[in-house]
Amino acid sequence: MSNVLVLVGIFVLAAFLIVLGLGLSRRAQRQGPAEDRPDATGIASTTPATRARPRLRDRLAKTRATLAGPLQALRIRGRVDGETWDDLEEALLLADVGVATTGRLLDELRANALQLAASEPAQVIELLKAQLVAELDGDTDRSLTRADAGPTVWMFVGVNGVGKTTAIAKLAQREAGDGHTVVLAAADTFRAAAAEQLAHWGDRVGAAVVRGQEGADPGSVVFDAISAAQARGADLVLVDTAGRVHTKVNLMNELEKLRRVAERGPGVLTEVLLVIDATTGQNGLAQARQFADAVDVTGVVLTKLDGSAKGGIVLAIEAELGIPVKVVGVGESADDVVPFDPVEFVDALFA
Amino acid sequence: MFEALSDRFDGIFTRLRSRGRLSERDIDEVAREIRIALLEADVNVAVVKSFIARVKERAQGAEVAKSLSPAQQVIKIVHEELVTTLGGATGKLTMSPKPPTVVMLAGLQGSGKTTAAGKLARLLHSDGGRVLLVGADLQRPAAVEQLRVLGERVGVPVYSEGRDPVKVVKGALREADRLDATVVIVDTAGRLQIDADLMDELRRVGKAAQPHDSLLVVDAMTGQEAVSVAEAFDDAVGLDGVILTKIDGDARGGAALSVKEVVGKPILFAGTGEKLEDFEPFHPDRMASRILGMGDVLTLIEKAEEAFDREEVEEAEAKLRKGELTLEDFLQQMRQVRKMGPLQSLVGMLPGMPKELRDAEVDEGELGKVEAIICSMTPDERRQPSLINGSRRLRIARGSGTTTQDVNALLKQFKMVQQMMRQVARGKRPQLPLPGR
């Protein structure tokens, strides 16, 4: 028993170590909004490609038809009462929007509904949707930026199992189809057979894959890939990194280093994309915060939205951290990567 | 979070105490706070409802009203109820009386099935089982390669012959007979629960495998979806248990509660890290604390037991009692604490840590600096820091590649820790001096 006491004492000590000298976070000045980053390095936003691309709505139609939305019953009810608000709250919570964001949204909605004298549930639902779309729409730039000269580098980060490799494969196919020459950097040298998985995709979509030994330094893979892209005149490098839980300091440090390597090579790093699984709950916000802190995330790739999960956590991520969703993954084939569309996303939220 | 929850409760109960009895309104208010806490932990909305109903019933009983600290009492009830709900025996698979026992893993894409298969194989292999791993995930490119690499690391054979998962499983069962395997672990492809074709395929794989344990693999970070996922998989193959993965992050893991409530079968194992050994029996009590944000003292103590030497602990205890703590001990303890893992995750496990502290980012490099400074001191200086004068300070700073300011800061902090430790020795709860930002 006394041993336990001592241990507790030592933990308190550990806590002191942390509090006292070892410093509260050195959240560097790096915390500024994403806009005032690389700019000066010759990055220009490309115009969206003209080729017709699959839309989120089409991809989600199947899912939506199979599910009776939580708001169906609400819509046909006659008047707005306490139950209406409860149902709306439940719908938002079920979409993983989170308690805090839901509360804020509903407070705004109440004020709006009162002002506009909305008396029918259907009206209130439409108001809520409009409110959400307005919040997402703004003047957010959701395009993936490219460098003017030299290979463009997009780096993909995220926790384990969110679908980084698959998302990269799909984007590679899309970009190759648009006439870009793509090089894939298999910088996930940790997970068994991660490089093989990417190599399979590389073969399928016709992109060169640069890989190292398992357990090799991922930085060297990134550097080699960018150099190879430069040498071959490829214009896009997609960097696959190992999944990592955002609470592991050393792994996040490694990622920071990887970012620096990507910046130092002959290419231009224009996007650091955080991949988030649509089934993720409230932890998504913590993930976004930590990754943004470590590597200045420029956008979110929301994967697996073809399931019944709604991915509502991205609302909180956009609102609190200002990181826009740029790409959505909705299925297994290479066509299944689509630009994020606020209207369609909000529709699907209540589908 | 725990702090926040108990703070909220305290507010409610201070008013209550003067009246001595819980009114319906009080209970509703308490229930609302619990609801928020659970929802923030990703427990499914519907599950929260039924859970709250149970807690409410118990909270209305006399046990709360008479208690001296009703807030703590209610938290205790919530915690107990969580443990009961999550509960059941831990870490035991149903073993077939006639080997081989077949274990089938199923779940969404990216939930960690293949890794869990490898970890489970390692666990059973080290318990003396003859394990055969079966790669029936023919969807994801290189999934079978991944399993092969894991099998090689664990030292168990991997079977994956055939183009169709049902055939793979049938072949694997024959192979298991041939190898006289005691356990067969089938890794299936990840699939969405709403994908009718793939769920049908899973049904057929299940029929061919006739598993003694159909296990659902669930990511601890899953949100509200956990319920429909569990329902659909249970429907398709009749689940016998759950493996909860990726609990090494900071997700509160409410999904565990959602899944347990739906499936009604025990959560058997938890994946706790990237390494193959990072796999343990599921502990309902720890998960309950975690969902409530109460820290995870038990895991912490376990880690400490691994990292600390018994004699050293006893020695430290003696010194602690006398209030004598030298820089030497400080260094030793710091090293041991660091052996337990990243400080940040340790702090997260401490109950009742102020939020600032838990959210603080720990710069591990800074710890190295402290180590260097102490290592640059003579043994005398470490025992008696008051010896350190200007020129010694300069020497220490040079020797450790730091500045005299750094050395000064460390000495000052150490003094504070010493004072704190004296308080502990006197049996007082030390006051945490929170630094200003």
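**View 1. The open sheet of chain B.** In this predicted model, eight strands of chain B make an open sheet of mixed pairing, ordered E3-E2-E4-E1-E5-E6-E7-E8 (two strands pair if DSSP finds at least two bridges between them; strands, E, at least two residues, and helices, H or I, at least four, are DSSP runs numbered from the N terminus). Strand E3 (158-159) and strand E8 (279-281) of chain B are the edges; each has a single partner strand, so one side of each lacks a neighbour in the sheet.

View 2. Strand E7 (residues 267-271) of chain B runs antiparallel to E8(B), and three bridges join them. B:Phe269 has B:Pro281 in E8(B) as its bridge partner.

**View 3. Packing of H8(B) and H9(B).** The axes of helix H8 (residues 165-179) and helix H9 (residues 196-209) of chain B come within 9 Å and cross at roughly 15° (axes are lines fitted to C-alpha atoms, for helices over the stretch in contact; angles run from 0 to 180 degrees between N-to-C directions). H8(B) and H9(B) are therefore roughly parallel, the term for angles under 35 degrees. Contact, meaning heavy atoms within 4.5 Å, involves residues including B:Val169 and B:Leu173 of H8(B) and B:Val205 and B:Ala208 of H9(B).

**View 4. Helices across the sheet.** H8(B) lies across strand E1 (101-106), strand E2 (131-136), E3 and strand E4 (183-188) of chain B, at about 165° to E2(B). H9(B) lies across E1 and E4 of chain B, at about 170° to E1(B).

Residues are numbered from 1 along each chain as its sequence is written, and chains are lettered from A in the order written. Local features need pLDDT of at least 70, and side-chain values use heavy atoms, leaving out hydrogens and water.

Terms used:
This is a predicted model: local features need pLDDT of at least 70, side-chain atom pairs count only at pLDDT 80 or more; totals for chains, interfaces and linings use all residues. Angles under 35 degrees count as roughly parallel, over 145 as roughly antiparallel, 65 to 115 as roughly perpendicular and the rest as oblique.
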